[in-house]
Amino acid sequence: MRRPYLTLSATTLLLLAPLAALAFETIDTMPWASGGTFPAYPLEEIRPYEVYLQAGLMHDTNILRRNANAENENVFRFGAGGRVDQRVWGRQSIRLEGRGDVYHFDKFSDLDHFAYAGAATWLWELGNDLSGTIGYARTRRLAALTEVQRAVKRMVTNDDIVGTAAYRVGPSFRIRGLGAYSRGVRTTPGEDTVTFGTRSGTIGADLVSTLGNSLGIEHRQTRGDAPVSQTIDTTGQFQSNDFKERDTSVVAAYTSSPMLRFRGRVGHTERTYTDLPNNFSGTTYRAGVEWLPGTKTLLAFEVYKEPRAVIDIDASHVLVRGFAFGPAWAPTAKLAFSVRWVDEHRQFIAADPNVATPGTLLDETLRVFRFGIAWEPQRLMQVGLGLDRGNRESNTLGRNFNYTATMANIKVIW
């Protein structure tokens, strides 16, 4: 029985990595010939453990993402990580994974920091028809300089607890559920600490074919905190601001052949706040297609519209509409080239008067082009080269920018 957590394939997810992430994203998300993406080069059997060391350098022409007096910067990264997959007993197994990276800024040393991510997941099965996961993950990172636009070390820490379960009823029907709790803390020197929390539950039912194709419906309810920072809300009148979100969607997955895959969802989402006039109600969707015209070539396309919470800045939520396109080609078993184009239109429903008046829209379009070269000179050694160009158009003074970043990284795996 397949695990119950249903996601887009890893290749398509590369198109969806956050545009605001810091540095090295082109290298960290591009496909490798040895990764099983291309049918011409089958994926090696997954080893029960993996450890790696890496080092990288990036040059960015506008590190603080400001529209004037662009600041060139060199960013160094030194990191290590690993993964362990261990069967505990019977069909029960556990996965442990983690990574840590030291970032050093050549000019803006105040931004130097240690970022990390770790997760533990128990993959459980009871009989042939019931299975699921229980997991905990913690991440700590620098808030997106795309939003901060200052040389201030604003750190974001997230804790997530997720449980999933799926029960197969007969050969072609499945019932599934998911429960999740997430807590985010944002700390900024000289400012109050901001904490956000969400609790959500999802139930769904799917018709599933013997080929793995599925069609179903799911309903999700989320409750969360949406307080306004005391730095902005000096009266404290919005400290108890909360939100409720309901989402009902039709979901589908279809594979017509090993060379063409589709996964998507479309539904209605409603988000309401207790204190602020920033409610949202409308159609939301996400769909992705992967087409492999040959065994060494991949074309991936993604389109989406959804509300997102952004802890990096003070905003109730961001309504995002966008698309991503990402061709990739691996001429040999050691070399792969990838291109990614992302065009994203964002409307911030903001609670920060420095960004927009509460209840009004900050309207922006963010475009990013990425080119990556993934070279594996020998087994378990990866050398990545990347070019990243982007620009943002905004209706708010001071938030327009453009930048170019070049980067290189080497990783050795054991």
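Predicted model: local features only at pLDDT ≥ 70, side-chain atom pairs only at ≥ 80, totals over all residues.
Local features need pLDDT of at least 70, and side-chain atom pairs count only at pLDDT 80 or more, while totals for chains, interfaces and linings use all residues. Residues are numbered from 1 along each chain as its sequence is written, and side-chain values use heavy atoms, with hydrogens and water left out.

Start with the strands. Strands here are DSSP E runs of at least two residues, numbered from the N terminus. Two strands pair if DSSP finds at least two bridges between them. Strand β10 covers residues 242-257 and pairs with strand β9 (residues 214-225). The sense is antiparallel, over 12 bridges. Within this pairing, L215 stands opposite A252 of β10. Strand β10 also pairs with strand β11 (residues 260-273), again in the antiparallel sense, over 14 bridges. Here V251 has R265 in β11 as its bridge partner. A hairpin of 2 residues joins β10 to β11.

Now move to strand β15, residues 335-350, which holds D343. D343 is buried, with a relative accessible area of 16%. Buried means under 20% relative accessible area, computed with a 1.4 Å probe on protein chains only. What does the side chain of D343 make a polar contact with? Its partner is the side chain of R367, at 3.0 Å. A polar contact is a pair of N or O atoms within 3.5 Å; within protein, one must be able to donate a hydrogen and the other to accept it, and residues adjacent in sequence count only if both atoms are side-chain atoms. Beyond four places in sequence, D343 touches R321, G322, F323, T365, L366 and R367. Contact means heavy atoms within 4.5 Å.

Strand β15 also holds Q347. Q347 is buried too, at 15% relative accessible area. Its side chain makes a polar contact with the side chain of D363 (3.3 Å).

Finally, the nonpolar cores. Such a core is a set of buried Ala, Val, Leu, Ile, Met, Phe, Trp, Tyr and Cys residues joined through side-chain atoms within 4.5 Å. The largest has 32 residues, and F24, F38, M58, I63, V75 and F105 have the most contacts inside it. Strands β3 (92-105), β14 (315-332), β16 (361-378) and β18 (401-413) each supply at least two of its residues. The largest share, 4 residues, comes from β18. A second, separate core has 9 residues, among them Y304, I313, A324 and V342.

Notes: Buried < 20%, exposed > 50% of the residue type's maximum accessible area, 1.4 Å probe, protein only.
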